[in-house]
Structures are given as structure tokens and as C-alpha cells.
Amino acid sequence: MVTKDKNGQARMNGLSKTILIKNKLIQCKNLLMSNANETNRRSFLKTGAMLGAGLIGAPALNTVQASQASAKTSLTNKAVKTRTLGTGKHSIQVAHGIGLGCMGMSYHRSFIPDKKISIRLIRKAYDMGVNFFDTAEAYGPLTNEELVGEAIAPFRKKIILVTKFGFKEGKPSLGLYSRPERIRKVVEHSLKSLKTDYIDLLYQHRVDPAVPMVDVAGTVKDLIVEGKVKHFGMSEAGAISIRQAHAVQPLTALQSEYSLMTRGPEQEVLKTCEELGIGFVPYSPLSRGFLSGMINERTKYNPANDNRPTLPRYQPDAIRTNWAMIDALYEFGNPRGLTPAQVALAWLLAQKSWIVPIPGTTKLAHLQENLGAADFEFSTEELKNFTEAVSRIKIVGDRYTGVQAQQTNKQ
């Protein structure tokens, strides 16, 4: 029943409010049944909770209606850009053109977040449209795959799950090991850790010169036939190894370090990938956090769980010298409303349409920041001028030394 208050304004009694709210819930339920994807289900639950709260307190029906309209609009109008890695039946589509590197949630980034926080972040990434999640046997070692496996369980079939093989006992410090029997053992362990029955993209983590590439690629080819792996990739491989592997089992992607601080792949590898139709996945696209502008010469690391203290590029003197790059990122980004990290990622995306960076993070704010980079497009003139400016900056400090350098300098 509708009455009027002392000011003459229409006012519903409790029964009328309840009936109207119940009608809204029925409408939401119908929407859910007509479009049963995960995003609509979450929108229904969220809207239902808001309406339920109105039964207890004073309802703000106009606010609820606006919320419903906004949610429905975002579901129907939000178009997520995609990028393609690989060619033909060996290709995969990556939402946003940006994936999530999960290594730092368990390994090499000083602190290890609470497991629940990392799981929540991975699931939030999925909610935001991310469908490409990168892990490896070596991260932890072994523990990162278990974390990722638990986190992606609710939506496993809707994402691209990436992992790697290539080290003795999964430990880089023990050396390379890619014999066929080892590859199979790693895959079986990864399937168990990841709680899945197939791996979407399996990389050889580092080229093992002791094992012929025909044996490595041939073993992965057999695993693809068996249904345990869908696509093959390599990491930190040179042009010769890429061609040898691709001749046996076509590669979907090559993953190597590539950023404004590390531009080695431009010399030969990117050209080889373009010729063969292989996608490229830059890891450390923010140069282990440096290009975010959040690392300086006073930054403290935990040497028990961080490789940066051993790398020349992260020593105080090198950081001070290399800060010219951060200045350049701020100079370009500030007038355009971009952070240094967003400029660095947008620059990578602008290099080739088949490049998909995988910045890692342990924080929701940084995840949102990184995905925002996909919304910016350089004009031809902007890209030319910016690239010329950063190319004049001399980067001080090698990216790796010792065993790590030996494992990455492969043909």
C-alpha cells in the first residue's frame, strides 16, 4: 500500500517494500538462468545481497536499481582485448594481452604473502578477465604450482595454465636436466600439484645442451598426443634452438626476459619468432620491480628468498645510474595519467601485436595498475620519440651473473 507523508511525498509501507524487493530478486534470478556464465552469477549474488539488506534496514530502491543497471551494462558492454600467441591450431588467445606471473607469491621476492591472500589475488585476477597464469616447477621450488593449483580450481577449464620443466629436482642451482624421462616425471608431478589433467602451455625452462632438441621437443609432442599437454613453448632459447624445436613440434610461445632494461631479444629472437609465427612472452617486464619506480638504492631484500641482491643491476650504484630510465617514464607518463609501470608495459605491447607480458605482483592495486596499461596506445609519433629517448639511456649492470648467466646464454 502507498500512502503519503506529512510533506505529501509518496511512501510505501513495509508490505509493499517487501513485495517490490521480492520482484527484483525474481528478475535477478531470471537473468541468471538466461545467461549462466560465471560473471553473471557473481553479479546476481552481489545484487541479491544488496536487496536482502533492504528487508532489514531502510531500502534505497533507486540506488539498487542503478546498481543493477550498472552491473548489467558492464556485463554486456565491457569488451576485453585479446592477443594471440602462436599460429593456427597451435595458437592461444590471451585476454587483456597481459598475463599474471605467479612466481613472486612463493619465490625470489623477499617475502611470501599469506597463502589466502595470494589465492584471493589470483581469483580476483580471473574476475577481472585475466586468463593466462604462469608458474613453474622451479618456483619454490615445487610450492608455487600447489598454490596456483588451489587458486584456479574453481575456473580451471576457463583459463590458460602455464608451467615449466628443465632443472634437476626442480632446483636451478643444481643445474639443467631435460632428458625425456625427467620431462615426463615433471609433467606428472605438475599435473598433481596443479590439480588438473592437462597443461595448456608447457615450456622448457632453459635449453639443456646435453640433450638433443629433437628428444626434448619429441617428448613434448608425445605428451600432446597423450592429452597431458596442449601446447609447447621454450624459455630463454636462442634462434638456433627455437628452429630445431619448432621443426619437431611447433612452438606456441617463447618466454624470455624483455623490458626497457633488457632488450636483447630485439637482436635476433623476435625476428625468428615473427618469421615462424611464434608468440613472445616477456617475463620480468618491469625488470624485477625496478621499472615501477618502487625500488631505490635503499631497498632491502631478503637474501634467503630473493635473487636481486646477487644481480649487478640491483646494486646501489647501478640503481642510481639507471634512475634516468625512471625519470623518462615519469616524464612521459605524468601528463598522460600513467604510472611508470604502465608506460613500461604499454611500450612492450606496442612492439608487436603478438607480445604478451606477464608482470608478477602480490598486491591487488598493482594488478589493477598493470592491466590498465592495456588501455593505452602510443601514437606513431609518441612511440618513435619515446623509444629514441630511452634508447639513449645506457643501462648499467648485467641482468645475470655466474650459473644464471650460463643458463640463459643459449643459441
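The model is predicted: local features need pLDDT of at least 70, side-chain atom pairs count only at pLDDT 80 or more, and totals for chains, interfaces and linings use all residues. Residues are numbered from 1 along each chain as its sequence is written, and side-chain values use heavy atoms, with hydrogens and water left out. Mean pLDDT (the predictor's confidence in each residue, from 0 to 100) is 85 for the protein. The whole structure holds 20 salt bridges.

**Confidence**

- A pLDDT of 70 or more is reached by 78% of the residues.
- Residues 1–22 stay under 50 in pLDDT, and the model has 24 contacts for them beyond four places in sequence. Contact means heavy atoms within 4.5 Å.
- Residues 28–77 also stay under 50, with 37 contacts beyond four places in sequence.

**Sheet**

- Helices (H or I, at least four residues) and strands (E, at least two) are DSSP runs, numbered from the N terminus.
- Strands pair if DSSP finds at least two bridges between them.
- Strand 8 (residues 199–204) runs parallel to strand 9, and five bridges join the two. Ile199 has Val229 in strand 9 as its bridge partner.

**Helix 5 and the cores**

- Helix 5 (residues 143–152) is mostly covered, with seven of its 10 residues buried. Buried means under 20% relative accessible area, exposed over 50%, and partly exposed in between (1.4 Å probe, protein chains only).
- Among the buried residues of helix 5 are Asn144, Glu145, Leu147 and Ile152. The buried residues of this helix pack against helix 4 (115–127), strand 7 and helix 6.
- The largest nonpolar core has 59 residues. Such a core is a set of buried Ala, Val, Leu, Ile, Met, Phe, Trp, Tyr and Cys residues joined through side-chain atoms within 4.5 Å.
- Met234, Leu254, Leu260, Phe280, Leu291 and Phe386 touch the most other members of that core. Helix 11 (residues 340–351) supplies its largest share, seven residues.
- Beyond its neighbours within four places in sequence, Met234 has contacts that include Tyr203, Met213, Ile242 and Leu254.
- A second, separate core of 23 residues includes Ala125, Val130, Phe133 and Leu161.

**Salt bridges**

- A salt bridge here is a side-chain nitrogen of Lys or Arg within 4 Å of a carboxyl oxygen of Asp or Glu.
- Asp134 pairs with Lys164, with closest N and O atoms 2.7 Å apart. Asp134 is in strand 6 (residues 132–134) and Lys164 in strand 7 (residues 160–165), 30 residues apart. Asp134 is buried at 3% relative accessible area, and Lys164 is buried at 1%.
- Lys228 pairs with Glu188, with closest N and O atoms 2.5 Å apart. Lys228 lies in the loop between helix 7 (213–225) and strand 9 (229–235) and Glu188 in helix 6 (residues 180–193), so the pair ties together parts 40 residues apart in sequence. Lys228 is partly exposed at 24% relative accessible area, and Glu188 is partly exposed at 39%.
- Asp306 pairs with Arg308, with closest N and O atoms 2.8 Å apart. Asp306 and Arg308 are both buried.
- A network of salt bridges links Glu236, Glu257, Arg288 and Arg399.

**Backbone geometry**

- Most residues other than glycine have a negative phi, and most peptide bonds are trans.
- Gly140 and Pro141 are joined by a cis peptide bond, with omega about -5 degrees. Pro141 lies in the loop between strand 6 and helix 5.
- Glu236, not a glycine, has a positive phi of about 55 degrees. Glu236 sits in the loop between strand 9 and helix 8 (239–248), and is buried at 5% relative accessibility.
- Arg288, not a glycine, has a positive phi of about 55 degrees. Arg288 sits in the loop between strand 11 and helix 10 (316–333), and is buried at 6% relative accessible area.
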